[in-house]
Amino acid sequence: MNNVYRTLVFAVACAAMLSCGGKKTVESDPAALAEERTVLVSTAEAFTMEVPQTEVYSSTVEAYAINNIAPQAPGRIQTIRVDVGSFVARGQVLATMDAAQLDQTRLKLVNDSTELSRLKSLYEEGGVSKSDYDAVEMAYKVSRRSYNNLAENTYLRSPISGVVTARNYDRGDLYAGQPIFVVQQITPVKLKVGVSESDYTKVKIGNQVEITVDALPGQTFTGKINKIYPTMDPVSHTFITEILVQNSDRALRPGMFARVKIEFGVNNSIVVPEESVVKMQGTGQRCVYVLQPDNTVESSIVKLGRHIDGRYEILEGLSEGDVVTVKGSTSLKDGAKVEVSNK
């Protein structure tokens, strides 16, 4: 027991000597630590240049219009005249349905027309009353409307010029709800992008944009802003901008992944090398270290703008002429002593 006691006393005494009377180390002296750890850095001067306000957005090519071709009522499909991939013109007949009911309606229309012509002559001579003539005229109009409606649903025509992208039936099938064809208009096509609300006043209808697609490397397409949606998404704080591309050569197809480059003008802004911008731990903020007259550095929180040619646009936090560190910035702290070498 005595040996254990003596060991404990000796350990406590040694700790007391180190904490109170021991030699002062570099680690316990911040000034000595800063002096010993002088950091070798390179610097650059913040300057003003014209920065294009360009943004690139991801989007998907969409058809300008999509039509589902189908009759109003179930019936037997008599003929199929086009297939998937066929380019069709507006008004072109794509399929015909069984025409038995249409033929019956045509006969009734002919009879009603004949009867109307007969009564019209008698009415003009005073042979029939106006009420009788009006009743026959109304019957004729109803027959004509029924015939036109049946004809429209027997001879199925495309309401747009486009390409057939789906065919769900064959000749002889009984139509039962699913569209017989889907036709998409691809001249022009449209794209939608969500633009930040901070750029809302910079977007104008008619402005030109540049479009590229992964499926067609090396090709660039020009589009125009066609529509600006009037409301903002409350979560993402973006608004939808619709872009129209004429696509006269039909190179762009619905579903293609695209990148849309929009120009918002040019700003005269302060820029610094990208290496000088440091992400602050724990906050996610960005800062730069500004060189002081005594060869120390102080951090300055900055607001970044565009990134262009290895430089960052600085919107807030720096003045023109400030000297910032470039190489070695990631190992710096406020008040650190530095040695400048721009070699």
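Tutor: Buried means under 20% relative accessible area, exposed over 50%, and partly exposed in between, computed with a 1.4 Å probe on protein chains only. At 21% relative accessibility, I308 therefore counts as partly exposed.

Student: What kind of model is this, and how are its residues numbered?

Tutor: This is a predicted model, in which local features need pLDDT of at least 70 and side-chain atom pairs count only at pLDDT 80 or more, while totals for chains, interfaces and linings use all residues. Residues are numbered from 1 along each chain as its sequence is written, and side-chain values use heavy atoms, with hydrogens and water left out.

Student: What is the average pLDDT of the protein chain?

Tutor: The term pLDDT denotes the predictor's confidence in each residue, from 0 to 100. Here the protein chain averages 88, and 89% of the residues score at least 70. Over residues 1–26, however, the pLDDT is below 50. Beyond near neighbours in sequence, that stretch has 6 contacts in the model, where contact means heavy atoms within 4.5 Å.

Student: Where is I308 found, and with which residues is I308 in contact, leaving aside its neighbours within four places in sequence?

Tutor: Strands (E, at least two residues) and helices (H or I, at least four) are DSSP runs, numbered from the N terminus. I308 is found in strand β18. Leaving aside neighbours within four places in sequence, I308 is in contact with V51 and P52.

Student: Which residues have a positive phi although they are not glycine?

Tutor: Most residues other than glycine have a negative phi, and most peptide bonds are trans. In this model, N247 has a phi near 55 degrees, and D309 has a phi of about 50 degrees. N247 is placed in the loop between β14 (238–245) and β15 (257–273), whereas D309 is in the loop between β18 (297–308) and β19 (311–316).

Student: Are N247 and D309 buried or exposed?

Tutor: N247 counts as buried because its relative accessibility is 5%. D309 is exposed, because its relative accessible area is 67%.

Student: Which residues does a cis peptide bond join?

Tutor: The cis bond joins T187 and P188, with omega about 10 degrees. P188 has its place in strand β11 (residues 181–196).

Student: How is Y289 placed, buried or exposed?

Tutor: Y289 lies in strand β17 (residues 286–291) and is buried, because its relative accessible area is 10%. Leaving aside neighbours within four places in sequence, its contacts include V278, V297, V323 and L332. The backbone oxygen of L332 lies 3.1 Å from a polar atom of the Y289 side chain. Y289 and G335 are 46 residues apart in sequence, yet 9.9 Å apart in space, C-alpha to C-alpha.

Student: Which residues touch the most other members of the largest nonpolar core?

Tutor: A nonpolar core is a set of buried Ala, Val, Leu, Ile, Met, Phe, Trp, Tyr and Cys residues joined through side-chain atoms within 4.5 Å. The largest has 25 residues, of which I211 and L252 touch the most other members. At least two of its residues come from each of β11, β12 (208–213), β13 (221–228), β14 and β15. The strand giving the most is β11, with 5 residues. Apart from neighbours within four places in sequence, L252 is in contact with V61, V189, V213, L216, F221, V245 and N247. A second, separate core of 16 residues includes A65, L156, Y169 and V183.

Key. Polar contact = N/O pair within 3.5 Å; in protein donor to acceptor, adjacent residues only side chain to side chain.
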